[in-house]
Amino acid sequence: MRGKAMFAWWGRAVVRVRWAVLAAAVALVVVGSTWGAGVFGELTGGGFDDPASESSRATERITAELGRQGADLVVLWSSDTATVDQPAFRDPVAGTVAALRQRPAVTSVTTWYDTKAPALVAADRRATYAVLQLAGSDDDARGEAYEAVRPALDAPGLRTEVGGTIAFLREANTRTTADITRAEVLSMPVLLVLLVFIFRGLVAATTPLLVGGLAILGAFVAVRLLNLVTDVSIFAINIITLIGLGMAVDYALFVVSRFREELAAGHDTAGAIGRTIATAGRTVLVSGLTVALALASLLIFPQPFLRSMGLGGMAAVLVAMLAALTVLPALLAVLGGRIDALRVPLPWGRRARGGQPAEAAGGGAWARIARSVMARPVGYLAGVAVVLALLAMPFLRITFGGFDERVLPVDAAPRVVSERIAAEFPGGTVAPIDVLVSGAPAEAARSFADRVAAVPGVTGVQVAASRGTSTLLTVSYPGEPTGDVAQDVVRELRALPSPAGAEVLVGGRPAADRDLLDGLGERLPWMALLMAGATLVLLFLAFGSVVLPVKAVLMNLLSIGASFGVVVWIFQDGNLADLIGFTPTGFIEPSNPVLMLAVLFGLATDYEVFLLSRVREEWDRTGDNTAAVAAGLQRTGRIITAAALLLIIVVAGFATGGMTYIKLIGIGMLVAIVVDATLVRALLVPATMRLLGRWNWWAPGPLARLHGRYGLREA
């Protein structure tokens, strides 16, 4: 009863203070579009490494004991006619290098002309590359230094291409931002057109976009506040725009549809808002909390970019939820019946008396689907299970590996540099394995280097730096930094006994990839436990059953499994690569499925709550499980389908981006949304509920009494 009273009170309160709520919303828009939008210049880049991993500790120790090592930039100069020995090639490079060494943004330049190292000259001697280190305490500062020196890297008369870590990160961030901006620009007008079709009116169609704008701007403000107390990665913006707009449109669609339904049933504006908040509002609250807690599972990972995704997503969802429960009802209180103003007559879509959709009056396509599922639940259950199993099967052979320059388009300079060095230069890698031997004299370090050279897969070992009892060895290997050979070499190096009295740390990009895989694998079970536990508790409080929450978790896993299977079939196996436009690598970067798991689990629960809320409402009213399931499906089927279609539009732009991991997330989400809104929520869930009968609503006596007193019941 307390849940009923709370929602009823909230509905009345919003109506009374509607102008104050709208004024606060305007203030949020002003702050968000000015101070909040400044978040773009405050957030950090990168954040892919675990600070406690061996590779991160190796980097810190190398810097502390030997000074900063490694290549920030790799500048590749090449000619079609001249060789590196000829003046036409040598002189332009010498002039460029001399000018670079005078710039404060460049701390060191290493070239073949200085070292005569064979690895720095191509096999045909028509290309060479220089290794640059840039000034700056972190990747962001070094990225700014790169922008400052980029025009000075060109050697007259030679083709100049720039790669390396900083160039790669800069290119990836720039292209990711461009992909997301294009997706937003393309999706907004399409969303408006679809909302007009769904609501059949211009006024009603604009309300979800208003809530979406509030969610994004409010999340910008929240993330900038969070950035005052902890570092937040720029990747938080990516999920804010995706989740903020998607959830806001979902929630607004649900609230506005219920409000129009209550108006059509004869209630005045205040009464309609009260009933809307007590039903749809309660559903939005449960959904918002569930999705936010699913995203909170990302906070347990040590990688800053995953934590930032969790923080950004939680901020966007919670602001969208609050806007749908405050600003939107206040706007509806002002509009009243004018929510149906500027109607757009459409030739399709049968409507019942009072302007309600036919489904709300007991007819329409969803009523026919509901009757069919109720009549043949076993057939639907078996058929959908077979389809989902077929879709999920490729997931059983998933292979994980770190990302590399191949996530960039084929014409991106950092990718071109990496591929040319691998193909044309002896040694062929721009990402060697770093081995720090600390606490050993030079003779012991050289002896250890001989043992390193004997490790299978090692093609070369060089002493890159030495000071006192600290020695840095750089280890080369064949193939890609993300390949099996590199990973095997890292494992073998870490298994070597250290010299007496010394400590050995293995770092570098291949080691960082290995640490990422191990770190994600260790925490993944805890992530799953957190998501499942939060879902079980919240759905129990919402529906008073211990059966439905367990079934919801299982249904979520089915739709997510189907999505992951399609992702593996496309991006790991390389199917449709030419059509979609990406380079298959034979593996999946592991942080992408982790991120998708959190987002998709939340979205799947969102649709589950939409459906079960209406089913529970009918169950409380009639006590007939079959009738309740059928009525819930026919009344929410159109809304869930519309919400899924709108969310598909939001994420579709991601699938057309230039970055492979953006494509992967976009296509994975598209598959999951389609599968979840059609096969799972429209067919599988109703079929299982029909078969379970009254067991759907079962809970042990103590838990039933707990829910009766504290549960978030429908009013």
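Q: In this predicted model, which residue of β4 stands opposite Ser-78?
A: Strand β1 covers residues 73–78, and β4 covers 159–163. The two strands run antiparallel and are joined by 5 bridges. The residue of β4 opposite Ser-78 is Arg-159.

Q: What is the order of the strands in the open sheet of 4 strands?
A: β1 is joined to β4 by 5 bridges, and β1 also pairs with β3 over 6 bridges. A further 4 bridges join β2 to β3. The pairing is antiparallel, and the order is β2-β3-β1-β4.

Q: Which strands stand at the edges of the sheet?
A: The order in the open sheet is β2-β3-β1-β4. An edge strand here has a single partner, so one side of it is left without a neighbour in the sheet. The strands at the edges are β2 (106–110) and β4 (159–163).

Q: How many residues of β3 are buried?
A: In a regular strand, side chains alternate between the two faces of the sheet. On one side of β3, Ala-127, Tyr-129, Val-131 and Gln-133 are buried; on the other, so are Thr-128, Ala-130, Leu-132 and Leu-134. Both faces are thus covered, and the count of buried residues is 8 of 8.

Q: At about what angle to β3 does helix α6 run?
A: Helix α6, residues 139–149, lies across β1, β2, β3 and β4. Its direction relative to β3 (127–134) is about 130°.

Q: Which strands does helix α15 touch?
A: Helix α15 is formed by residues 413–424 and packs on the sheet. Its direction makes about 100° with that of β4. The strands it touches are β1, β3 and β4.

Q: Is Glu-405 buried or exposed?
A: Glu-405 lies in the loop between α14 (377–392) and α15. Its relative accessibility is 6%, and the cut-off for burial is under 20%. Glu-405 therefore counts as buried.

Q: With which side chain does the side chain of Glu-405 make a polar contact?
A: Leaving out residues up to four places away in sequence, Glu-405 touches Phe-168, Pro-414, Arg-415, Ser-418 and Arg-509. The polar contact between side chains is at 2.9 Å, and the partner is Arg-509.

Terms used:
Residues numbered from 1 in each chain as written. Predicted model: local features only at pLDDT ≥ 70, side-chain atom pairs only at ≥ 80, totals over all residues. Heavy atoms only, no water. Pairing = 2+ DSSP bridges. Contact = heavy atoms within 4.5 Å. Axes fitted to C-alpha atoms, helices over the stretch in contact; angles between N-to-C directions. Buried < 20%, exposed > 50% of the residue type's maximum accessible area, 1.4 Å probe, protein only. Polar contact = N/O pair within 3.5 Å; in protein donor to acceptor, adjacent residues only side chain to side chain.
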